[in-house]
Amino acid sequence: MQPSTTRLLQVDALAWEKQDGLLPAIVQDATTLRVLMLGYMDRAALDTTLAEGKVTFFSRSRQRLWTKGEQSGHVLQLVSIEADCDGDTLLVLARPQGPTCHLQRVSCFPQAPGGFLAELDALVATRERERPADSYTTRLFEGGVRRIAQKVGEEGVETALAAVAQGDAELAGEAADLLYHLLVLLRARGLSLADALAVLQERHR
């Protein structure tokens, strides 16, 4: 694994002087990569964020530091921060603990794209944890790893058959079924989509 970008951040080398001591900070969901919001950090906000692990900004309207979610509880748990090539903008990866937008939306940008497969993986994790009674995913988890593995095998065969004997729509449908059941199987073994992606990234180097 590569070292965290946060550990590589050279705070003193950032271009604080360009915008009167403030740097724009773009926040992305660390799981889905959806852009969540834009805020501003001064040196104290960045230091607080790094020290406490909760994304903190400088409020230009209130002229003070504010930790996102300090009233709602919907904090942004810090994953990493890196600066752009000019050192005058920050990219913050975080795990939101609830809606980021004050309108109770996931993102302050309603149409911001995100990785749906990662969102589905997060939903599967919620189903595994909460086990709602009316959920097909719950029934899969309660059937155990062996039963889920059997479903993955069945869906894999059906996907292969669709590839050689059916149309594009049928292949896409079977592939979707396979991906969903594979996410459930990974979660049943205590793994996630991120674990599989990490292996692919390591192989890609």
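Glutamine 63 is exposed, with a relative accessible area of 55% (exposed is over 50%, buried under 20%, partly exposed in between, with a 1.4 Å probe and protein chains only). This is a predicted model, in which local features need pLDDT of at least 70 and side-chain atom pairs count only at pLDDT 80 or more, while totals for chains, interfaces and linings use all residues. Residues are numbered from 1 along each chain as its sequence is written, and side-chain values use heavy atoms, with hydrogens and water left out.

**Positive phi in loops**

- Glutamine 63 sits in the loop between strand 3 (56-59) and strand 4 (64-67); helices (H or I, at least four residues) and strands (E, at least two) are DSSP runs, numbered from the N terminus.
- The phi of glutamine 63 is positive, near 55°, in a residue other than glycine.
- Aspartate 20 also has a positive phi, of about 55°, although it is not a glycine.
- The loop between helix 1 (5-8) and strand 1 holds aspartate 20, which is exposed at a relative accessible area of 76%.

**Nonpolar cores**

- The largest nonpolar core has 20 residues, where a core is a set of buried Ala, Val, Leu, Ile, Met, Phe, Trp, Tyr and Cys residues joined through side-chain atoms within 4.5 Å.
- At least two residues of this core come from each of strand 1 (23-29), strand 2 (35-41), helix 2 (43-52), strand 5 (76-83) and strand 6 (90-96).
- Another core, of eight residues, lies apart from it, with Leu140, Ile148, Tyr180 and Leu185 among them.
- Within the largest core, the residues with the most contacts are Val27, Met41, Leu46, Phe57 and Leu90.
- Leucine 46 touches Leu9, Val11, Leu14, Trp16, Met41, Ile81 and Leu90, not counting residues up to four places away in sequence; contact means heavy atoms within 4.5 Å.

**Alanine 45**

- Alanine 45 belongs to helix 2 and is buried, with a relative accessible area of 0%.
- Leaving aside neighbours within four places in sequence, alanine 45 is in contact with Thr56, Phe57, Phe58 and Leu65.
- From alanine 45 to tryptophan 66 the C-alpha to C-alpha distance is 8.0 Å, and the two are 21 residues apart in sequence.

**Helix 3 and helix 6**

- The axes of helix 3 (residues 116-130) and helix 6 (residues 168-188) come within 10 Å and cross at roughly 50°; axes are lines fitted to C-alpha atoms, for helices over the stretch in contact, and angles run from 0 to 180 degrees between N-to-C directions.
- Helix 3 and helix 6 are therefore oblique to each other, given that angles under 35 degrees count as roughly parallel, over 145 as roughly antiparallel, 65 to 115 as roughly perpendicular and the rest as oblique.
- On the helix 3 side, Leu117, Leu120, Asp121, Val124, Ala125 and Glu128 meet Tyr180, Leu183, Val184 and Arg187 in helix 6.
- The residues of this contact divide into seven nonpolar, no polar and three charged (Ala, Val, Leu, Ile, Met, Phe, Trp, Tyr, Cys and Pro count as nonpolar, Asp, Glu, Lys and Arg as charged, and the others, Gly among them, as polar).

- Threonine 138, in helix 4 (residues 136-143), is buried at a relative accessible area of 2%.
- Not counting residues up to four places away in sequence, threonine 138 touches Arg127, Arg131 and Pro132.
- Alanine 196, in helix 7 (residues 193-204), is partly exposed at a relative accessible area of 32%.
- Alanine 196 and leucine 183 are 13 residues apart in sequence and 9.9 Å apart in space, C-alpha to C-alpha.
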